[in-house]
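Hi everyone, thanks for making the time this morning. Let me put it on the screen.

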Amino acid sequence: MLKQLLQQLRTSLQFPQCLKIIGIIRRLDVFNESELRIKFLQLRDSWLQSLLQAIPQNDPYHHISKTIEENRVHLFDIVTQYRAIFSDEDMSQANSVNKPSTQQQSFNPWSTVLGQKESNESKLFICWLQQKIKNFLQVLRNDLRLGVGNRFDSVVSQSMYFGLAFSRVGMDFRALMVPLFEEAAFEKIKVSFESAEQKFQESFLKVNWSDLYIENVKSNMHHMSLGSQETGNSGIKPNIINPPSCLVEYYPLAIYLNNVLQCFNELRLCAPLSLFHQIKIELEASLNRICLIFSKYYAKEKSMFDSNETESIKAFLYNLAYELVPFLERCLNTIYSCLLYTSPSPRDYCA
């Protein structure tokens, strides 16, 4: 009979059923109070782990979302059941009522032992719950490292709601998740910048400067005329940011910009303020690296350029320094509009 009762604790149970099973086990007088608490947590934890291990792991986003859902529902149920069945507060209050007054207290060698036992029993549940939270944080870290695609903001909102739910039992752990999200967000930004630099280099080595000469001259003239018209146009909405159209002619710059903007579009949905200066430094380093790619190329090939190719290269540098850099600065300012952002001078990238 005892084996069947314990086996039922490994299944999904509502609180009335759980309370009834624990009541029967108590009447059997097989376990003392401490052993019963440990057995209860072991069996309910075994059931919870079976649910978590059954979640498919091929998709990190699905895995962490389902893990959050299972923990938020079932772990909270276990907490509620435990606190209702094993009421530590009632025991402490009863002991405090039964204690003699300060004037009448006498030394009792068993009081310290009993107090330590009650304290250990209350700490047992807290340690178990802390371990469950630690396990969840490890799963969250691993899935974030594997990558959740463009649904990073969704994982943040689900996790924070999960942490907030445990504030009702005094275990709000949202602050413990913040470093994990900051680490994952910054790592994603670094990877995106590296990918943008790689694609810039691949496309840059395929540029034919002679073919771009006429197009570059026409593009610059057209851009200058549009710039003079836009100066007097007050009907443009300030919140709408359009990339410089002149960069279309310089497809290495356009490819680099598209990859950085894709990263920024994902970042703006959930941009950690603490990462502002790190992102700024990383963006400056990325721009310096693409300039280094150009410098090495130019130092190797400059003797072979004619006058038209030289003009095309100058136009390329002009658009890099005075179109690409200020636009990226504006994008970063928009994402972190509550902070001041001082970018390097465009001339620094043409040195």
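So, let's start with the face that helix α8 presents to helix α11. From α8, the residues in contact are Phe186, Ile189, Lys190, Phe193, Glu197, Phe200, Gln201 and Phe204. Across from them, α11 brings Gln278, Ile279, Glu282, Leu283, Ser286, Arg289, Ile290, Ile293, Phe294 and Tyr297. Sorted by class, this α8–α11 contact holds 11 nonpolar, 3 polar and 4 charged residues.

How are the two helices arranged? Here α8 covers residues 174–204, and α11 covers residues 276–301. Their axes lie 10 Å apart, at an angle of about 15 degrees. Angles under 35 degrees count as roughly parallel, and α8 and α11 are therefore roughly parallel to each other. As for handedness, α8 passes α11 in a right-handed crossing.

Before going on, a word on confidence, please, since this is a predicted model. The mean pLDDT for the protein is 80, and 78% of the residues reach at least 70.

Let's take its partner α3 to begin with. Helix α3 spans residues 33–53, and its axis comes within 10 Å of the α4 axis, crossing at roughly 165 degrees. Are they parallel or antiparallel? Angles over 145 degrees count as roughly antiparallel, so that is how α3 and α4 run relative to each other. Their crossing is right-handed. On the α3 side, the contact residues include Phe40, Leu41, Trp47 and Leu48, and on the α4 side they include His74, Leu75, Ile78 and Tyr82. The class breakdown for this contact is 10 nonpolar, 4 polar and 3 charged residues.

The other partner is α2, residues 15–28, whose axis comes within 11 Å of the α4 axis and crosses at roughly 45 degrees. That makes α2 and α4 oblique to each other, and α2 passes α4 in a right-handed crossing. Phe15, Cys18, Leu19, Ile22 and Arg26 of α2 meet Gln81, Ala84 and Ile85 of α4. In this contact I have 6 nonpolar, 1 polar and 1 charged residues.

How many does a search of the whole structure find? There are 10. One that sits in α4 pairs glutamate 69 with lysine 66, with the closest N and O atoms 3.9 Å apart. These two are 3 residues apart in the helix, residues 60–85, and so are separated by about one helical turn.

That's my tour, and I'm happy to take your questions!

Note on methods:
Residues numbered from 1 in each chain as written. Predicted model: local features only at pLDDT ≥ 70, side-chain atom pairs only at ≥ 80, totals over all residues. Heavy atoms only, no water. pLDDT = per-residue confidence, 0-100. Helix = DSSP H or I, 4+ residues; strand = E, 2+ residues; numbered from the N terminus. Axes fitted to C-alpha atoms, helices over the stretch in contact; angles between N-to-C directions. Parallel < 35°, antiparallel > 145°, perpendicular 65-115°, else oblique. Left-handed = near helix turned anticlockwise from the far one by under 90°. Contact = heavy atoms within 4.5 Å. Nonpolar A, V, L, I, M, F, W, Y, C, P; charged D, E, K, R; others polar. Salt bridge = Lys/Arg side-chain N within 4 Å of Asp/Glu carboxyl O.
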